[in-house]
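The sequence and structure come before the discussion.

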Amino acid sequence: MESCNCIEPQWPPDDLLMKYQYISDFFIALAYFSIPLELIYFVKKSAVFPYRWVLVQFGAFIVLCGATHLINLWTFTVHSRTVASVMTTAKVLTAAVSCITALMLVHIIPDLLSVKTRELFLKNKAAELDREMGLIRTQEETGRHVRMLTHEIRSTLDRHTILKTTLVELDRTLALEECALWMPTRTGLELQLSYTLRQQNPVGYTVPIHHPVINQVFSSNRAVKISPNCPVARLRPAGKYMPGEVVAVRVPLLHLSNFHINDWPELSTKRYALMVLMLPSDSARQWHVHELELVEVVADQVAVALSHAAILEESMRARDLLMDQNVALDLARREAETAIRARNDFLAVMNHEMRTPMHAIIALSSLLQETELTPEQRLMVETVLKSSNLLATLINDVLDLSRLEDGSLQLDLGTFNLYAVFREVLNLIKPIASVKKLHVSLNLAPDLPEYAVGDEKRLMQTILNIVGNAVKFSKEGSISITAFVAKLDTLRDSKAPEFLPVLSDNHFYLRVQVKDSGSGINPPDIPKLFTKFAQNQSTGTRNSGGSGLGLAICKRFVNLMEGHIWIESEGLGKGCTAILIVKLGMPERVNESKLPYMPKMPTNHGQTAFPGLKVLVMDENGVSRMVTKGLLLHLGCDVTMVGSSDECLRLVSHEHKVVFMDICVPGIDSYGITIRIHEKFTKRHERPLLVALTGNTDKVTKENCMRAGMDGLILKPVSLDKMRSVLTDLLEHRVFFEAI
Amino acid sequence: MDVVNQLQRQFIDYSASLHREGFLDDQFTQLQKLQDDNSPDFVVEVASLFFEDCEKLINNMARALEQQQGVDFKQVDASVHQLKGSSSSIGAMRVKDVCIAFRSFCEAQNREGCLRCLQQVTHEYSLLKNKLQTLFRLQQQILAAGGSIPVVE
């Protein structure tokens, strides 16, 4: 017997069980070897696997297990000790590794599990975010709709378009079944169906406004869900089982109509319209919050748009009104202008036409007075004269006043003797005053300058008027006239806010006070005194004989002289004082002021009368030419002589100021020359003055000259003095036609 | 001095007589006024011009009126017109008066009347020429004696 160290299996190897075990072990080993390979393969493929070390461990464990089972295959038959020891080693190792792995897994498996939990958590989160995204998108969509709606609504300023667009857009956004707008009626007690979406022309379907639901809607600025059975919501044809939800919102309106709301003490003064929106029936849709918000926003926008439209309407109306008024004003202005023009034309004509016959009457009546008359006739003539004088004064006054009012009157300034003016006034008034037994005294201040610069005639007229009034309205007593230079403090108390006296070196303010002890004037009547045509009716019978214009004219004159005039009176029966202040100029030099101002005659004769005045003389007759030349040379002119019309046209230039033409020669066509000269000099200031010299004393010649465009006509023979005065007149007035 | 005074007195008397007899009128006085230091011979110049003019015009008129075939009254009228103008410019009153009559004859185309007027004009003209020449001689004498021409108003 050999003793081998082989170990025998316990069971015979031919046993069937053994065989099955053998096969199983083989397959187990195979599997055990392939699992780690698969693991390695897949882990290599995947990017992330944090537990490499675990894998290695596990791999080792599996490999060893596989090895064990593989080695087990040899133990089914008789096997040597070596195999047995290998087997034992393998098992021991396997045991060790598996224990270690088991211990490791205790740590690892919770981790792996937690990964799973996290994954679940993240998935939940993702789902939530998705939901929220959906919500935001919806909101944004809503916002976009609102913007678009607003844009649509605000793109028009027409009321109806706004409201219709609103309804249409709301329908588009929210997919409504019906949308309606109820506007308050004129009376404000009912809501009238004004606009609907589906029905084209809503017939006047009204609902009283004091419905609790409506009140509820009006009292809040939010969209309120209302019952479909509410009167405002009963718009759809009946027969639906499940009417969709209804929402109503208030739309504030501008306070346009002006009905009285005093029977509504409980409501605010704001008026609202009602917008009702209905979801489609049988749709189980519900009003979402964002949709309600959309509706509220739209309602506000509509309110704003409506108010804009209303404002626009108002402003258009106002503009139309203004345009009408403008047209009317323009017409009135044109009419006024026409009236003024007509009046001016009338005055211009009347000025001459009225005065001429007046003068004739006055002149002839005065002449008549000089002749032999019976006492009766004399009386009649005197009356005629007095009346016509009055009339003449009246005409002059009216014409003066209108000239004054036009502003076309200008003062004739000149140096005059101030003392003489007062003396003259006194002389004129003394006879009347003595008849009435009134005492007149004149008091001139010593510092009053003897000479002054101003409009003498009008100043005298004014003072005379005032003194005349004083005499007229005093039945007894005395009149005192004082005149002095007004100092600044006396100027200030002139009771006129617009009178601002300015003192300067070459001007002084003359103050004249006329005090009478007559019937006085009621203080309230004083302002009326200076208005024209206003007679003082309240003071009984007055043989004033005045036109009511005197003081008005005086005031205008005084204003022109930059002064002020007013009357003070303490009342009826207490007399009155008229005060006038005018601005007069100081004369420059005393000796100059002593000379009266005579513009006509220049003070020096001879050569220097018209120094260097360039003149052209055209005369065919040599003698007469020479005489004219001599005349003009003597006056200092620079004379050019021509003997024919061609020469005249050739030599005439804009330097020549006057052209003398002899027109009584038959050969020369003086009128033709005139026309040619007019053509040659188109500018008026360049053209020389054309004067005709003629011996013809008939009107036809004069008319022809005027018509041809000549500026003057002189009859021959011309004396030196005549030529001098003609030239003076001509140069001053640019025209001189001798009276034929 | 006595000589000057005498001459001046003579001058004044002569001037006055001329005016009185109607040879000269106011216009001549005006002309005399125009004479001053700038133009000392103004009157003499004007008078010479007048005489030349006169002779020329009278010759024209004579020739025109001598035409046997047909008198050109227009031309005569023009000349008379000129003469009238000249005479009135210088102040020759009598000449001017004849011219006025002459013109009416011209318009009437009265040859006889024109001829008569022409004769008259010639006569008046020569008279005036003599008188004026005397006057101017007096003037020159006064000036030569050292005096000044007195102004006749």
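## Terms and model

A crossing is called left-handed if the near helix is turned anticlockwise from the far one by less than a right angle, and right-handed if clockwise. Helices are DSSP runs (H or I, at least four residues), numbered from the N terminus. Axes are lines fitted to C-alpha atoms, for helices over the stretch in contact, with angles running from 0 to 180 degrees between N-to-C directions.

This is a predicted model, in which local features need pLDDT of at least 70 and side-chain atom pairs count only at pLDDT 80 or more, while totals for chains, interfaces and linings use all residues. Residues are numbered from 1 along each chain as its sequence is written, chains are lettered from A and ligands numbered from 1 in the order in which they are written, and side-chain values use heavy atoms, with hydrogens and water left out.

## Helix 14 of chain A against chain B

Helix 14 of chain A passes helix 2 (residues 26–34) of chain B in a left-handed crossing. The angle between the two is about 45 degrees and their axes lie 9 Å apart.

On the chain A side, Val627(A), Gly630(A), Leu631(A) and His634(A) are in contact (heavy atoms within 4.5 Å) with Gln27(B), Leu31(B), Lys33(B) and Leu34(B) of helix 2 of chain B. These residues comprise four nonpolar, three polar and one charged. Here Ala, Val, Leu, Ile, Met, Phe, Trp, Tyr, Cys and Pro count as nonpolar, Asp, Glu, Lys and Arg as charged, and the others, Gly among them, as polar.

## The interface as a whole

Contacts link 18 residues of chain A with 19 residues of chain B. The two chains bury about 1600 Å² between them, 62% of it on carbon and sulfur atoms; this is the accessible area (1.4 Å probe) lost on putting the two parts together, summed over both. Val623(A), Met626(A) and Val627(A) supply 35% of the area that chain A buries against chain B, more than any other three residues.

## Packing within each chain

Within chain A, helix 14 (residues 622–634) and helix 18 (residues 720–733) have axes that come within 10 Å and cross at roughly 65 degrees. The crossing of helix 14 of chain A with helix 18 of chain A is right-handed.

In chain B, the axes of helix 4 (residues 73–90) and helix 5 (residues 93–108) come within 9 Å and cross at roughly 160 degrees. Helix 4 of chain B and helix 5 of chain B are therefore roughly antiparallel, and their crossing is left-handed.

## Salt bridges

A salt bridge is a side-chain nitrogen of Lys or Arg within 4 Å of a carboxyl oxygen of Asp or Glu. The whole structure has 17 salt bridges over all chains, but the count between chain A and chain B is zero.

Glu314(A) and Arg317(A) form a salt bridge through their side chains (2.6 Å, N to O). Because Glu314(A) and Arg317(A) are three residues apart in helix 6 (residues 289–370) of chain A, about one helical turn separates them.

Technical notes
Angles under 35 degrees count as roughly parallel, over 145 as roughly antiparallel, 65 to 115 as roughly perpendicular and the rest as oblique.
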